[in-house]
Amino acid sequence: SGLLILTGLVLVYVGINRPITILVDGEPRLVWTRALTVAQALKDANIPVRQTDQVIPPTNHWLGWTATIALAPSRQVNLWIGGLLSTQASPARQRAFWSVQRLPGNLLAEAGIRLYPGDQIFWQGLGVLPGSPLPAASAYDLQYQPGSPVSVMIDGSQVTFTSAAATLGAALWDHGDQFAE
């Protein structure tokens with residue numbers, strides 16, 4: 001009877017090996033595992049998980065026979081605020097944090113920054129839209145330039161708008177449609 005139990009346990013152990021799909025940043029990986037939990041399956045697949053990563057289902061969740069695990073790895077975000085026009089009187093401030101977000105607007109929101117019309121976000125020196133996802137990368141270096149009010153008198157009428165442009169000429173160029181007759 002002991003041999004029968006041992007044989008049964010061996011058969012269960014061999015038979016429990018099953019395929020698990022792990023989506024890392026949306027890219028599927030097929031892994032064969034005997035893991036019973038999400039954390040064990042990720043460990044078997046040699047996929048490290050940080051506390052700041054998003055794992056669905058949670059790492060302590062029991063796996064079914066065929067399971068899919070989604071992992072959104074967090075990335076370090078280095079954010080410079082006011083870094084484009086910083087001076088000694090108004091130096092750039094930096095914030096660093098980890099996030100699973102790829103939308104620049106959401107990254108700024110996580111840093112406690114509200115976007116307003118005329119504000120600009122830069123990634124690798126290029127302006128990016130708040131709602132356009134950044135490409136997958138190990139880290140993101142972003143610059144945020146808050147807009148400033150600009151007032152000009154044109155033919156006796158005052159026109160005011162917000163701009164984060166580096167010069168008055170660039171601000172006027174960006175908002176030229178407001179001056180067309």
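1. Helices here are DSSP runs of H or I with at least four residues, and strands are E runs of at least two, both numbered from the N terminus. On that basis, Asn 46 falls in the loop that connects α2 (38-44) to β3. Asn 46 isn't a glycine, yet its phi is positive, at about 55°. It is also exposed, with a relative accessible area of 67% (exposed is over 50%, buried under 20%, partly exposed in between; 1.4 Å probe, protein chains only).

2. Before going on, some ground rules: this is a predicted model, where local features need pLDDT of at least 70 and side-chain atom pairs count only at pLDDT 80 or more, while totals for chains, interfaces and linings use all residues. Residues are numbered from 1 along each chain as its sequence is written, and side-chain values use heavy atoms, with hydrogens and water left out.

3. Gln 124 is worth a look too: its phi is positive, near 55°, and it is not a glycine. You'll find Gln 124 in the loop between β7 (120-123) and β8 (126-128). Gln 124 is exposed, at 63% relative accessible area.

4. Check the peptide bond between Ile 56 and Pro 57: it is cis, with omega about -5°. Pro 57 sits in the loop running between β3 (54-56) and β4 (67-72).

5. As for the whole chain, it has four helices and 11 strands. Of its 181 residues, 31% are buried. Take the contacts (heavy atoms within 4.5 Å) between residues at least 6 apart in sequence: 45% of them join residues at least 24 apart.
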